[in-house]
Amino acid sequence: MGKASFRGQHVIITGGSAGIGLCMAHELARRGADLTILARGRERLDAARADLAAHGGRVFADSCDVTDAETLAVCIDRARAELGPIDGVVANSGYCHPGYFHELNPADLKRQVDVNLTGCLYTLRLTIPLLRENGGGFIAITSSPAGNAGVFGFSAYGATKAALNHLAHILRAEYARDGIRVHLLLPPDTDTPGYEREVLLYPRETKAILEGGRLFAPERVARQFADGIARNKKRITIGFEAHLLLFIVRYCPFLWDTYVRWKTRGGTDQ
Ligand SMILES: NC(=O)c1ccc[n+]([C@@H]2O[C@H](COP(=O)([O-])OP(=O)(O)OC[C@H]3O[C@@H](n4cnc5c(N)ncnc54)[C@H](OP(=O)(O)O)[C@@H]3O)[C@@H](O)[C@H]2O)c1
């Protein structure tokens with residue numbers, strides 16, 4: 001079976017200049033989409049735009065911080081002016097700053113909420129009216145299995161991702177009648193610049209809990225997300241481990257709690 005096509009669709013991807021977002025951009029561009037990629041850093045955006053253009057579709061790249069609603073609105077207006085009406089949105093910008101909760105400073109806590117949750121709310125608030133106007137489309141929200149399972153050391157991050165899971169559920173109900181499909185993307189541990197940065201901050205217990213898990217290539221993750229969106233899957237999970245984890249936390253949460261207690265026995269480093 002050939003790959004599902006996104007031919008002629010204009011898709012906006014926040015965080016489209018690196019990691020999973022960039023690989024999603026390549027995957028959708030290969031399948032015929034026109035892409036708008038948004039992120040803060042100009043240099044990576046320009047490099048990404050040049051690479052993406054090689055797939056033959058149209059590409060627009062603009063610099064903005066998703067926590068700045070005014071600039072985001074301007075970028076989305078420019079994207080429409082450049083590439084026309086919007087057919088899909090991947091709200092993907094996000095990051096994890098792990099650590100013992102009592103050691104994370106208020107600025108780190110707030111910034112994760114701002115980027116991961118508020119940035120997604122702003123992105124969708126600005127684009128859903130445009131999708132409605134255009135007769136529907138899709139939104140994909142990049143969450144994490146850590147929004148389902150409480151992972152030691154992921155306090156603020158896990159809370160923002162749990163909120164995104166809930167947001168997806170609500171928006172699906174609110175906008176189904178407008179022809180807007182809502183997908184929740186749950187990446188496994190994926191080899192990206194963001195992942196490389198976060199593992200350096202893992203407390204000893206977080207390492208112990210997550211050790212042994214596979215690290216996925218972002219290209220594979222992007223391919224499966226694109227397939228899942230095309231097949232209208234609501235929740236797109238990748239890899240046996242993530243499926244098992246989601247099953248356990250839903251149907252036998254005591255097993256996850258027991259595993260975490262076992263891995264963290266002896267207390268914290270503090
Ligand atoms: N990698 C994993 O193992 C993993 C697992 C589960 C979930 N996730 C989720 O997947 C998403 C992508 O993660 P990733 O690992 O691909 O991250 P990444 O490698 O750090 O890439 C993040 C992208 O988002 C952009 N970005 C960051 N902050 C932004 C902001 N405030 N405004 C606009 N753009 C911003 C970055 O560009 P600039 O820095 O230039 O802005 C970059 O393009 C995140 O939501 C993450 O939580 C990742």
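## Helix contacts in a predicted model

Helix H4 meets helix H5 through Leu109, Gln112, Val113, Asn116, Leu117, Cys120, Leu124 and Ile128 in H4 and Ala156, Tyr157, Thr160, Lys161, Ala163, Leu164, Leu171 and Tyr175 in H5. Contact here puts two C-beta atoms, placed from the backbone, within 7 Å. By class, this contact has 12 nonpolar, 3 polar and 1 charged residues. Ala, Val, Leu, Ile, Met, Phe, Trp, Tyr, Cys and Pro count as nonpolar; Asp, Glu, Lys and Arg count as charged; the others, Gly among them, are polar.

The model is predicted: local features need pLDDT of at least 70, side-chain atom pairs count only at pLDDT 80 or more, and totals for chains, interfaces and linings use all residues. Residues are numbered from 1 along each chain as its sequence is written. Helices (H or I, at least four residues) and strands (E, at least two) are DSSP runs, numbered from the N terminus.

| Helix pair | Axes come within | Crossing angle |
|---|---|---|
| H4 (residues 106–133) and H5 (residues 155–175) | 9 Å | roughly 15 degrees |
| H3 (residues 69–83) and H4 | 10 Å | roughly 40 degrees |

Axes are lines fitted to C-alpha atoms, for helices over the stretch in contact, and angles run from 0 to 180 degrees between N-to-C directions. H3 is oblique to H4, while H4 and H5 are roughly parallel to each other. Angles under 35 degrees count as roughly parallel, over 145 as roughly antiparallel, 65 to 115 as roughly perpendicular, and the rest as oblique.

H4 and H5 cross right-handed. H3 also passes H4 in a right-handed crossing. That label applies if the near helix is turned clockwise from the far one by less than a right angle.

In H3, Ala69, Leu72, Ala73 and Ile76 meet Tyr122, Thr123, Leu126 and Thr127 in H4. This contact has 6 nonpolar, 2 polar and no charged residues.

**Helix H8 and its end**

H8 has 13 residues, which should span 18 Å at 1.5 Å a residue; its end C-alpha atoms are 18 Å apart, in agreement. The expected span is 1.5 Å times one less than the number of residues.

The buried residues of H8 include Val221, Phe225 and Ile229. Buried means 20 or more other C-beta atoms within 10 Å of a residue's own, exposed 12 or fewer, and partly exposed in between, with C-beta atoms placed from the backbone. Helix H1 (19–30) and strand S5 (137–142) are among the elements that cover the buried residues.

Just after H8, Asn232 takes a positive phi of about 60 degrees. Asn232 lies in the loop between H8 (218–230) and strand S7 (235–237). Asn232 is exposed, with 9 other C-beta atoms within 10 Å.
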